[in-house]
Amino acid sequence: MTEEARTGRTQRDTLLQLVDVVKHFPVPSDRLFGGKREHVHAVDGVSLDVRRGETIGLVGESGCGKSTLARCITRLHDVTSGTVSFDGRNISDLSVSQLKPYRRKMQMVFQDPYGSLNPRRRVGSIIGDPFAIHGMGKGADRKTKVQELMELVGLNPEHYNRFPAEFSGGQRQRIGLARALALRPELVVCDEPVSALDVSIQAQIINLLADLQGKLGLTYIFIAHDLSVVRHVSDRIAVMYLGRIVEVADTEELFARPRHPYTKALLSAVPTPDPDLVNERDQIILSGDVPSPIRPPSGCRFHPRCPRAQSRCTTEDPVLNVKDGDVSDHAAACHFPVADGEPLVMSQKEAL
Amino acid sequence: MSLLEVDDLHVSFSTPDGVLRAVRGISFAVDPGETLGIVGESGSGKSVSTQTIVGLTQGARISGTARFEGKDLLTMSESELRTVRGAEIAMIFQDPLSSLHPHYRVGWQIVEMIRAHEAVSKKEARKRAVELLGLVGIPSPSQRVDDFPHQFSGGMRQRAMIAMALALNPKLLIADEPTTALDVTVQAQIMALIKRLQKEFGTAVIMITHDLGIIADIADRVMVMYAGKPMEYTDKRTLYHQPHHPYTEGLIGSLPQQGGRGSPLKSIPGLPPSLLRVPKGCPFHPRCVYAMDRCAGEEPPMRQVSGGLDHRSACWLPPEAVGTTTDIVVTRQELARQGRSSAQEESA
């Protein structure tokens, strides 16, 4: 069942549609002959609709496949199977030249502002790259455009001729953002855009992103591991675990009534910056680590760490659907979803 | 008597660009069994100050004292320091992979560490290593003891580091961003582990972090650092509810709050200063919304303000201007306006 059929939304609301997206990476084999080649199941069947003008948060722990999914969306990776549709057009099998007009409409901002800018090139030419690639604007015209962009993201346009090393981390993230916005994209995929920044600078960039969304009508896919940041910026949140989406809902709905045990544990693990609330909340501590995505567990992938797991969970893969009593936008993939206010019984002692 | 008493510690490094003044006079004390949180952004000097205390800053110019049980660590000989470091004061760092030797088995490294400080047999030490790994929650420790660090996950490596740090039952544990590289669910495991072990063994902890959520969880008292100086020092409740220093107020305001979705965050404008060229007067004044004339010329000392019992802040705002409520902020702005000259007001 597609998201569309379920929610009754029309095609026009949907900017990006993912249907059963799978991305496997082959693992280098140490056997010379024979043997089955193993794969990292980085993304393993993700269906998701991204609506025009919204910010959708993608959360999960390292290795859950959120960055791989982002790269599948922008076609930095080719998908193994499944489809990615942008504005109603399937872009997962387009050739490089056919893809070019779509590349203009989808841009990406990366986590590491140091690694994503060429240290030997001047900032003006880095930001002007998209114009060069798409053959837009020449000489003075391009320079004016670049300086407008620099002003838009809060950089001093006079610093046009400086090198990335002359900027601080927050400013470099602004450079990356200016480059992403150069061609007026519709969708910006932000992969951990503030994780490498200090708290006070992080707040500046979050405010800038919100500001730009209002001005330019952008749609954001916002990937971060910091849940308080994701909560602040997102309209909806999708929670990923081992290559799958385990729960998706409106932000406040997800925080108020998490149905998947993993979501509940993840939300409770976030440190609260208020000493009065620290002792009140009941923190759920999961035991063990995330299993290897090379051989993911059978059935529900969360079952080896799940305090509610039963025998059915080990064999039958749960479907992501709306549970009884939930609003139509709230879907979870669990056989035994947590009821509203029900505790996930496990004390801290047992978990250790 | 406090377990550790640091008094007027200064640390600077000579660089080709000039003298980098990483720590410019900090004083604090840690009592047995308590947890001191040190918060600050990159370059605030929070790591350098604790590394200096245990003698890990090479080539630095150091002044001041750091008395551990009455003995000054800064003037100790290297061999004396060796007996303290590891045995009495243990450390865990942000990146457990770079603190474990990749060529040696985890168990061997713990055994080595125990035998460097105590005259025990290899067999005895190995038995202790297995016990310790079990204590910190490594599954089937008797087998995992012979694993190499790369065979451990990030969370397990940090657990192994904690096992090593606690091997000799130290009196003080310095944890420098121990969970920054870890996922939230693993972070919760590690924080719970540190709290449990602290309760069991009565270890004092210095928790260095940039995460105010961790401070709220674990610290008793907190020191906020900025540009190599302490800005505010108090218990955690006062810090969150009645901060005095505008930098603390800014840090708390920068955090996304529950229910504040979509509204802009109260970010701090500008950037932290370069430690090669720290601004005159209060180091925070170029970014401070309450800055007065006095702030640019005179550096405020740490002095008592009226939040909690032992609440100190380095700011020229009057001592009673604590808190984050709107009327307090308005009062502060009014006070700041009075402190500015009329000429400056007009230009602003």
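Visitor: Is N161(A) buried or exposed?
Guide: This is a predicted model. In it, N161(A) counts as exposed, because it has 10 C-beta neighbours inside 10 Å. The cut-off for exposed is 12 or fewer.

Visitor: Where does N161(A) sit?
Guide: N161(A) is in a loop of chain A, between α5 (139–152) and α6 (169–181).

Visitor: And what does N161(A) touch, leaving out residues up to four places away in sequence?
Guide: R122(A) and G124(A).

Visitor: How many Å separate the C-alpha atoms of N161(A) and E316(A)?
Guide: 59 Å. Along the chain, N161(A) and E316(A) are 155 residues apart.

Visitor: OK, domains. What does the assignment give for chain A?
Guide: Domain 1 is 16–27 + 38–105 + 185–351, and domain 2 is 121–183. Taken over C-alpha atoms, the centres of domain 1 and domain 2 of chain A are separated by 31 Å.

Visitor: How many residues are in contact between domain 1 and domain 2 of chain A?
Guide: Eleven residues of domain 1 are in contact with nine residues of domain 2.

Visitor: Which element gives the largest share on the domain 1 side?
Guide: Helix α7 (residues 199–216) of chain A, with five residues. By class, that side of domain 1 has nine nonpolar, one polar and one charged residues.

Visitor: Switching to the two chains. How many residues of A and B are in contact?
Guide: 35 residues of chain A are in contact with 36 residues of chain B.

Visitor: Which elements of chain A give two or more residues to that side?
Guide: α7, α8 (227–233), α10 (261–269) and α11 (275–278) of chain A. The largest share, eight residues, is from α7(A).

Visitor: What about the classes on the chain A side?
Guide: There are 17 nonpolar, 13 polar and five charged residues on the side of chain A that touches chain B.

Visitor: Last topic, helix packing in chain B. At what angle do α5(B) and α7(B) cross?
Guide: Roughly 125°, and the axes come within 9 Å. Here α5(B) is residues 122–135 and α7(B) is residues 154–166. The two helices are therefore oblique to each other. The crossing is right-handed.

Visitor: Which residues make the contact?
Guide: From α5(B), L132(B), L133(B) and L135(B). From α7(B), A160(B), A163(B) and L166(B). By class, the contact has six nonpolar, no polar and no charged residues.

Key. Residues numbered from 1 in each chain as written. Chains lettered and ligands numbered in written order. Predicted model: local features only at pLDDT ≥ 70, side-chain atom pairs only at ≥ 80, totals over all residues. Domains from an automatic or database assignment. Contact = placed C-beta atoms within 7 Å. Helix = DSSP H or I, 4+ residues; strand = E, 2+ residues; numbered from the N terminus. Nonpolar A, V, L, I, M, F, W, Y, C, P; charged D, E, K, R; others polar. Axes fitted to C-alpha atoms, helices over the stretch in contact; angles between N-to-C directions. Parallel < 35°, antiparallel > 145°, perpendicular 65-115°, else oblique. Left-handed = near helix turned anticlockwise from the far one by under 90°. Buried ≥ 20, exposed ≤ 12 C-beta atoms within 10 Å, placed from the backbone.
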